[in-house]
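Hello,

Here is the structure for you to look through. Please open it next to this email and follow along.

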Amino acid sequence: MRILVVEDEVDLARTLHTGLTAEGYSVDLAHDGRQGLWMARTGAYAAVVLDLMLPGLNGYKVCAQLRRESNATPILVLTAKNGEWDQTEALDTGADDYLAKPFSYLVLVARLRALVRRAAAVAPPVLAVGDLSLDVAARVCRRAGSRVDLTPREFAVLELPARRAGQAVSKGDLLYHAWPDDALDPNLVEARVSVLRKKVDAPFHRQSLQTVRGIGYRLVDDRERG
């Protein structure tokens, strides 16, 4: 399970990375608001731990922008400001929980677990775009009721466009979602998309995984074309 920590205090960020990794999470770090917003937009995270006082773009604006984009990733806000007005503003902009610094690490982990549990309980178990469905928990793909065998990487490449059905998804976002640690070459995405089209589109006479010129790809319901 992947967690994003957006924190400009480098020592604290490293401490959170070490501690959450020990708890079994995969942890990515961002040290300013703009980077954090870009990373959170990938939709690859079970939760975001977000500082409020960030360079570039403060945490209030990051949180508000994600919610305007209908990004429902749980957000746990961290801040050195411990007033009720600050807490109220953070929650009103879309944060799910709030901790003031200095905080108990045990409490942070417990609240993070609670946020992830609640999000999992309300998240749709299956992503559906027309007659193409992705069971995210079981990692199973089906089209028109027939199972389509995908590798884990192929499933990851298809999952992000399915989460943003009808919207253009950049090759960069797909790279980060499916190859989060070490991939830089957009040709990796192009190769997987080519294979996916042969698996999920061609056998069913569909063209649902479409190229968006200059950006990337989008997944649409194209049953009227079949």
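**What I found**

Helices α6 and α8 lie roughly perpendicular to each other, because an angle from 65 to 115 degrees counts as such and theirs is about 90 degrees. Keep in mind that this is a predicted model.

**Helices that cross**

Two packed helices are described by the angle between their axes and the distance between the axes. Start with α6 (residues 152-163) and α8: their axes are 10 Å apart. On the α6 side, look for Arg153, Glu154, Val157 and Leu158. They meet Arg192, Val193, Val195, Leu196, Lys199 and Val200 in α8. Sorted by class, this contact has 6 nonpolar, no polar and 4 charged residues.

Now go to helix α7 (residues 171-178). Its axis and the axis of α8 (residues 187-201) come within 9 Å and cross at roughly 85 degrees. That makes α7 roughly perpendicular to α8. Here Lys171, Leu174 and Leu175 in α7 meet Leu188, Val189 and Glu190 in α8. The classes in this contact are 4 nonpolar, no polar and 2 charged residues.

Is strand β1 enclosed or open? It is largely enclosed by the rest of the structure, because 5 of its 5 residues (residues 2-6) are buried. Check the side chains too. Arg2, Leu4 and Val6 point one way, while Ile3 and Val5 point the other way. All of these are buried.

β1 pairs with strand β2 (residues 26-30) in the parallel sense, over 5 bridges.

Isoleucine 3 has alanine 47 as its bridge partner in β3.

Find leucine 115 in helix α5 (residues 105-122). Is leucine 115 buried or exposed? It counts as buried, because its relative accessibility is 4% and the cut-off is under 20%.

Which residues does leucine 115 touch, not counting those up to four places away in sequence? They are Pro74, Ile75, Leu76, Asp96 and Asp97.

Best wishes

Notes
Residues are numbered from 1 along each chain as its sequence is written. This is a predicted model: local features need pLDDT of at least 70, side-chain atom pairs count only at pLDDT 80 or more; totals for chains, interfaces and linings use all residues. Side-chain values use heavy atoms; hydrogens and water are left out. Buried means under 20% relative accessible area, exposed over 50%, partly exposed in between (1.4 Å probe, protein chains only). Helices (H or I, at least four residues) and strands (E, at least two) are DSSP runs, numbered from the N terminus. Two strands pair if DSSP finds at least two bridges between them. Axes are lines fitted to C-alpha atoms, for helices over the stretch in contact, and angles run from 0 to 180 degrees between N-to-C directions. Angles under 35 degrees count as roughly parallel, over 145 as roughly antiparallel, 65 to 115 as roughly perpendicular and the rest as oblique. Contact means heavy atoms within 4.5 Å. Ala, Val, Leu, Ile, Met, Phe, Trp, Tyr, Cys and Pro count as nonpolar, Asp, Glu, Lys and Arg as charged, and the others, Gly among them, as polar.
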